[in-house]
Amino acid sequence: MTESFHRSGEYENPHEGQQQAPVNPEWPPPPAYAPAHAPHPKKRGRGPFALIAAVAIVAAAIGGGTAYGIQELTGNDTVASSSTSTTVVPSSQKGTVAGVAKAVSPSIVEISADSNAGSSTGSGVIITGNGEIVTNNHVVSGASQIKATTSDGKSYTAKVVGTDSKKDLALIKLENASGLKAATLGDSAGIQVGDQVVAIGSPEGLSGTVTSGIISALDRDVTVPTQEGQDQGQQQWGQGQGQGDQWPFEFGGRQFNGDTGNDTTTYKALQTDASLNPGNSGGALIDMNGNIIGINSAMYSPTSQASSSSDAGSVGLGFAIPINTVKADLAKLRAGATD
């Protein structure tokens with residue numbers, strides 16, 4: 001600690017300054033010993049040291065990355081979030097893909113959404129123990145029924161809480177869920193090109209699939225259709241399971257996976273070469289400490305409009321919505337936004 005808790009005069013020795021006092025015959029000199037019945041100076045002297053020790057303990061707890069413990073203390077609906085890099089992965093497996101996968105996989109779900117246009121499969125990230133899940137808006141938009149399956153195979157019915165088509169984000173809530181393992185939302189502001197990352201999702205219904213790569217670029221302007229035009233887009237580009245991931249997008253003046261249409265929105269994205277395939281949308285992009293740094297949202301699929309999504313494959317061109325964008329949008333989504 002750099003600050004001192006010793007305030008002027010508060011913890012001074014009671015004998016200090018006595019030799020400089022003016023001599024007065026009417027004032028007898030002070031005794032050479034402290035009265036036995038006046039232990040107050042010693043007791044007060046312990047105050048700052050006890051306070052320093054207490055502060056040190058609290059600082060150590062926070063610095064150690066105890067996001068899970070904080071969540072347990074503050075409630076089941078608290079989002080575990082870190083403004084710095086919190087270590088979620090056990091120290092023995094820190095920096096390994098296996099360690100990240102083991103620590104974060106229980107916080108990723110597979111999402112199945114049924115609508116008039118058909119069915120789609122995507123992924124989602126658990127952010128609270130009682131079942132709040134962040135995913136892409138295009139995964140659940142227009143759905144009449146949504147189901148989510150956790151990594152242990154348990155299935156839940158889910159309802160849409162709020163959507164933001166401008167950022168391609170949605171918040172859904174599992175019914176009758178509790179005790180789920182929430183992911184820790186990291187800080188995407190500190191991400192650098194070349195950082196290693198892990199992606200977890202459910203490509204083609206293969207739940208809990210783990211891939212890895214690096215951050216290829218930052219602040220990519222990715223353009224996607226908004227919610228209003230999605231139903232038409234699904235009928236045109238999507239066929240059968242996985243259609244939600246044949247989501248057309250535009251980057252650098254070129255359109256991928258079909259025509260984005262006239263009603264579009266653009267957001268800043270993280271670019272990654274981690275393998276993303278149909279079903280990864282809404283899943284997690286994770287740093288090597290186990291923090292969620294992005295929500296996977298778009299990938300280039302080298303298929304024609306007439307091809308089925310099963311012919312799609314990753315070519316190392318994927319995009320994720322930065323987690324700081326997600327955190328800034330959470331209050332709006334929780335309030336039931338339908339933008």
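Helix H3 covers residues 97-104, and its buried residues are Gly 99, Val 100, Ala 101, Ala 103 and Val 104. This structure is a predicted model.

## The barrel

Strand S1 also belongs to a barrel. Six strands form this closed barrel, in the order S1-S2-S3-S6-S5-S4. Their pairing is antiparallel. From one strand to the next, the twist averages 40°.

Look at S1 and its partners. S2 spans residues 118-126 and pairs with S1 in the antiparallel sense over eight bridges. In this pairing, Ile 111 stands opposite Gly 122 of S2. Two residues lie between S1 and S2, and the two strands form a hairpin. S4 spans residues 145-149. S4 and S1 also pair in the antiparallel sense, here over five bridges. Ala 113 stands opposite Ile 146 of S4.

Helix H6 (residues 323-334) lies across S3 (132-135), S5 (155-164) and S6 (169-174). H6 runs at about 60° to S6.

## A buried loop residue

Thr 150 sits in the loop between S4 and S5. Is Thr 150 buried or exposed? Thr 150 has 8% relative accessibility, so it counts as buried. Leaving out residues up to four places away in sequence, Thr 150 touches Val 109, Tyr 156 and Leu 180.

## Aromatic pairs

Now turn to the rings. The model has three aromatic pairs. One of them joins Phe 249 and Phe 319: the ring centres are 5.5 Å apart and the planes are at 70°, so the pair is edge-to-face. Planes over 60 degrees apart count as edge-to-face. Phe 249 lies in strand S9 (residues 249-251), while Phe 319 lies in strand S14 (residues 318-322). These parts are 70 residues apart in sequence, so the pair ties together separate parts of the chain. Phe 249 has a relative accessible area of 0% and is buried. Phe 319, at 0% relative accessibility, also counts as buried.

Phe 256 and Tyr 300 form another edge-to-face pair, with 5.0 Å from centre to centre and 70° between the planes. This pair links distant parts of the chain, 44 residues apart. Phe 256 is in strand S10 (residues 254-256), and Tyr 300 is in the loop between S13 and S14.

How do the residues of this pair stand for burial? Phe 256 has 6% relative accessibility, so it counts as buried. Tyr 300 has 26% relative accessibility, so it counts as partly exposed.

The table sets out the residues of both pairs.

| Residue | Relative accessibility | Class |
|---|---|---|
| Phe 249 | 0% | buried |
| Phe 319 | 0% | buried |
| Phe 256 | 6% | buried |
| Tyr 300 | 26% | partly exposed |

Which residues do ring pairs link into a cluster? The cluster holds Phe 249, Phe 256, Tyr 300 and Phe 319.

Key:
Residues are numbered from 1 along each chain as its sequence is written. This is a predicted model: local features need pLDDT of at least 70, side-chain atom pairs count only at pLDDT 80 or more; totals for chains, interfaces and linings use all residues. Side-chain values use heavy atoms; hydrogens and water are left out. Buried means under 20% relative accessible area, exposed over 50%, partly exposed in between (1.4 Å probe, protein chains only). Helices (H or I, at least four residues) and strands (E, at least two) are DSSP runs, numbered from the N terminus. Two strands pair if DSSP finds at least two bridges between them. Axes are lines fitted to C-alpha atoms, for helices over the stretch in contact, and angles run from 0 to 180 degrees between N-to-C directions. Contact means heavy atoms within 4.5 Å. Rings of Phe, Tyr and Trp (its six-membered ring) pair if their centres lie within 6.5 Å; planes under 30 degrees apart count as stacked, over 60 as edge-to-face and the rest as tilted.
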